[in-house]
Amino acid sequence: MILIDKPFGHNLRELRKSNHLTQIEVVARLQLMGSTLERSALANIEAGRRNIKVNDLRYLKEIYNVDYEAFFNYD
């Protein structure tokens, strides 16, 4: 089952943009860290159409240098 979480995806997209990174650049960094995530999967996560793996979330926390709360801001 896929859970729709548009605020999470929106936050993820905004973090990527605020770090001036493309989806391809983020995926390249993720893959260097051991992820198997592809650009299309990242696009679907940002659009709220796909769930994210815990390890990928951990890697993104490192890439964006933020606390986990930044991903779950629902304001």
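The model is predicted, so local features need pLDDT of at least 70 and side-chain atom pairs count only at pLDDT 80 or more, while totals for chains, interfaces and linings use all residues. Residues are numbered from 1 along each chain as its sequence is written, and side-chain values use heavy atoms, with hydrogens and water left out.

The largest nonpolar core has 18 residues, and Leu12, Val26, Leu30, Leu60, Tyr64 and Phe71 touch the most other members. A nonpolar core is a set of buried Ala, Val, Leu, Ile, Met, Phe, Trp, Tyr and Cys residues joined through side-chain atoms within 4.5 Å. Buried means under 20% relative accessible area, exposed over 50%, and partly exposed in between (1.4 Å probe, protein chains only). At least two residues of this core come from each of helices H1 (6-18), H2 (23-32), H3 (39-46) and H4 (54-64), and H4 gives the most, with five. Helices are DSSP runs (H or I, at least four residues), numbered from the N terminus. Leaving aside residues up to four places away in sequence, Tyr64 touches Leu12, Leu15, Arg16, Asn19, Leu21, Val26 and Phe71; contact means heavy atoms within 4.5 Å.

In H2, the buried residues are Gln23, Val26, Val27 and Leu30. They fall within an arc of 95 degrees seen down the axis, so they line one face of the helix; the arc is that of the directions from the helix axis to the C-beta atoms. Ile24 and Leu32, on the other side of H2, are exposed.

The structure holds two salt bridges, each a side-chain nitrogen of Lys or Arg within 4 Å of a carboxyl oxygen of Asp or Glu.

| Salt bridge | Closest N and O atoms |
|---|---|
| Arg13 and Glu46 | 3.9 Å |
| Arg16 and Glu46 | 2.7 Å |

Arg16 lies in H1 and Glu46 in H3, so this pair ties together parts 30 residues apart in sequence. Glu46 is buried, with a relative accessible area of 2%, and Arg16 is buried at 9%. Arg13 is partly exposed at 23%. Arg13, Arg16 and Glu46 are linked in a network of salt bridges.

Phe72, in the segment after H4, is partly exposed, with a relative accessible area of 40%.
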